[in-house]
Amino acid sequence: MRTYLVTGGAGFIGSNYIHYMFRKYGDEIRIINVDVLTYAGNLENLRAVEGRDNYTFVRANICDREAIEKIFADNEIDRVVHFAAESHVDRSIVNPGVFVETNVLGTATMLNAARKAWERPDGTYPEGKKFLHVSTDEVYGSLPDDDNAFFYETTPYQPHSPYSASKAGSDMLVKAYMDTYHFPANITNCSNNYGPYQFPEKMIPLMIHNALEGKKLPVYGDGMNVRDWLYVEDHAKAIDLVQEKGRLFETYNIGGHNEKRNIEIVKIILATLREVLPENDPRRAHVNEDLITFVEDRKGHDRRYAIAPDKIKAELGWEPETMFAEGIKKTIRWYFESEEWMAHATSGAYQEYYEKMYAGR
Ligand code: NAD
Ligand code: TYD
């Protein structure tokens with residue numbers, strides 16, 4: 001039975017990936033999920049898999065060399081899928097240090113532990129050992145507005161935020177291990193994800209939550225920044241496909257040609273909410289565009305991201321399957337049905353974060 005070590009599996013994309021993998025492979029695989037459970041890690045995301053014999057959760061920090069080496073020593077790990085990271089740009093602007101620690105040093109710890117466990121004395125690796133580093137399109141920097149330019153795998157790195165700089169640093173480490181040690185890895189650089197289990201500090205769940213609560217919808221700057229949105233399950237599928245069929249040592253860009261301006265997204269969310277809310281739901285009274293509030297822009301705000309997914313399409317036949325109109329409806333329905341999840345996510349520390357981040361905005 002193949003064993004996967006998934007890092008950051010209690011977060012947004014990691015938990016969706018774990019659900020996808022068990023739906024696809026059932027009892028054919030084993031997954032060990034290592035996560036330290038920061039504010040963004042939530043075991044409620046994984047309730048449905050908790051009782052499985054082929055699933056184990058280990059609470060550990062990816063920077064903790066001993067703990068990570070022990071997982072490799074105690075288990076025959078075949079695949080690593082490395083999600084664990086500090087992931088929110090706004091937080092990286094306020095507190096960059098932890099981004100360097102987790103994203104750069106944590107990735108180095110994961111690479112060293114995998115190499116130590118896998119590398120043979122002659123410098124080769126057993127067939128089937130693979131490390132997939134999950135990264136972002138933000139490492140490529142920002143594209144000009146209203147341009148037909150796209151991010152390709154060959155686009156030079158030009159990160160602007162402490163978040164994207166730390167992810168760029170981690171990507172460079174993976175590249176260096178591949179070049180220097182012939183370390184069996186892949187890197188995927190994906191565009192913005194949306195879907196169930198996304199922590200409501202990110203734009204889409206934040207806007208859904210605020211609209212339902214009748215709170216203002218804080219749109220940064222002029223609202224004309226462009227992001228290329230991908231339904232999270234399509235990302236999970238792409239990651240699996242790259243590990244199964246991709247060429248080792250290659251980078252694959254993942255994105256869905258679904259570029260939208262932030263203001264458009266907010267308006268789509270409001271319209272979809274009104275469509276989905278029952279006629280007699282009292283929240284209908286306040287779910288409208290009056291909630292939209294333009295606030296002070298994010299520092300160093302990247303203008304436009306747009307992925308060219310040509311390589312993954314041509315080599316692996318991957319294409320997004322969930323179109324935005326359908327995906328956003330599914331997502332909104334999920335947040336509707338998961339009031340308890342949202343209540344837990346937005347209690348306590350979230351309130352403090354929200355008040356600080358949006359004070360004066
Ligand atoms: P997330 O913030 O929802 O989850 C991150 C997870 O990592 C959490 O469960 C957290 O507890 C865990 N974690 C953080 N620091 C850790 C540490 N030191 N040790 C162990 N676990 C730790 O993030 P996400 O949105 O699911 O993103 C996952 C990965 O995908 C990240 O590497 C991110 O850079 C990348 N990515 C995200 C997006 C996006 O749109 N969200 C797009 C492209 C790439
Ligand atoms: P976000 O979800 O934080 O993802 P990223 O910064 O990684 O792209 O933000 C998506 C876009 O939405 C980005 O251009 C910033 C903008 N945004 C707002 O306008 N208001 C908000 O409250 C947030 C969180 C983001």
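Which N or O atom lies 2.6 Å from an oxygen atom of ligand 1? That atom belongs to the side chain of Asp 35. Keep in mind that this is a predicted model, and every distance I quote is computed from it.

Staying with ligand 1, a backbone N or O atom of Ile 13 is 2.7 Å from one of the ligand's oxygen atoms. On the nitrogen side, a nitrogen atom of ligand 1 has a polar side-chain atom of Asn 61 at 2.8 Å. On its own this ligand would expose 830 Å², and the protein buries 96% of that.

Now ligand 2. Its shell has 19 residues, with Glu 138, Pro 218, Arg 298, His 301 and Tyr 358 the closest. The side chain of Arg 298 places an N or O atom 2.5 Å from an oxygen atom of the ligand. For the side chain of Tyr 358, the corresponding distance to an oxygen atom of ligand 2 is 2.6 Å. From the backbone, an N or O atom of Met 203 is 2.8 Å from a ligand oxygen. Sorted by class, we have nine nonpolar, five polar and five charged residues around ligand 2.

The largest nonpolar core has 43 residues, and the members that touch the most others are Ile 204, Met 207, Leu 217, Ile 269 and Leu 273. At least two residues of this core come from each of H6, E8, helix H8 (262–276), strand E13 (292–295), helix H10 (324–337), helix H11 (339–345) and helix H12 (349–358). Take Met 207: setting aside residues up to four places away in sequence, it touches Leu 217, Pro 218, Val 219, Val 266 and Ile 269. Apart from that core there is another one, of 31 residues, including Ala 10, Leu 37, Val 49 and Val 242.

Next, Phe 83, in the loop between strand E4 (79–82) and helix H3 (89–94). Is Phe 83 buried or exposed? It counts as buried, because its relative accessibility is 11% and the cut-off for buried is under 20%. Beyond four places in sequence, its contacts are Val 6, Thr 7, Gly 8, Ile 13, Gly 14, Tyr 17, Val 134 and Ile 239.

Last, backbone geometry. Most residues other than glycine have a negative phi. Leu 37 has a positive one of about 60° and is not a glycine; this residue sits in the loop between strand E2 (29–35) and strand E3 (55–59). His 257, also not a glycine, has a positive phi of about 50°. Its loop runs between strand E11 (251–254) and strand E12 (259–261). With a relative accessible area of 47%, His 257 is partly exposed.

Definitions and conventions:
Residues are numbered from 1 along each chain as its sequence is written. Chains are lettered from A and ligands numbered from 1 in the order in which they are written. This is a predicted model: local features need pLDDT of at least 70, side-chain atom pairs count only at pLDDT 80 or more; totals for chains, interfaces and linings use all residues. Side-chain values use heavy atoms; hydrogens and water are left out. A residue is near a molecule or strand if one of its heavy atoms lies within 4 Å of it. A polar contact is a pair of N or O atoms within 3.5 Å; within protein, one must be able to donate a hydrogen and the other to accept it, and residues adjacent in sequence count only if both atoms are side-chain atoms. Ala, Val, Leu, Ile, Met, Phe, Trp, Tyr, Cys and Pro count as nonpolar, Asp, Glu, Lys and Arg as charged, and the others, Gly among them, as polar. A nonpolar core is a set of buried Ala, Val, Leu, Ile, Met, Phe, Trp, Tyr and Cys residues joined through side-chain atoms within 4.5 Å. Buried means under 20% relative accessible area, exposed over 50%, partly exposed in between (1.4 Å probe, protein chains only). Helices (H or I, at least four residues) and strands (E, at least two) are DSSP runs, numbered from the N terminus. Contact means heavy atoms within 4.5 Å. Accessible areas come from the Shrake-Rupley method with a 1.4 Å probe; for residues, only the protein chains shown count as cover.
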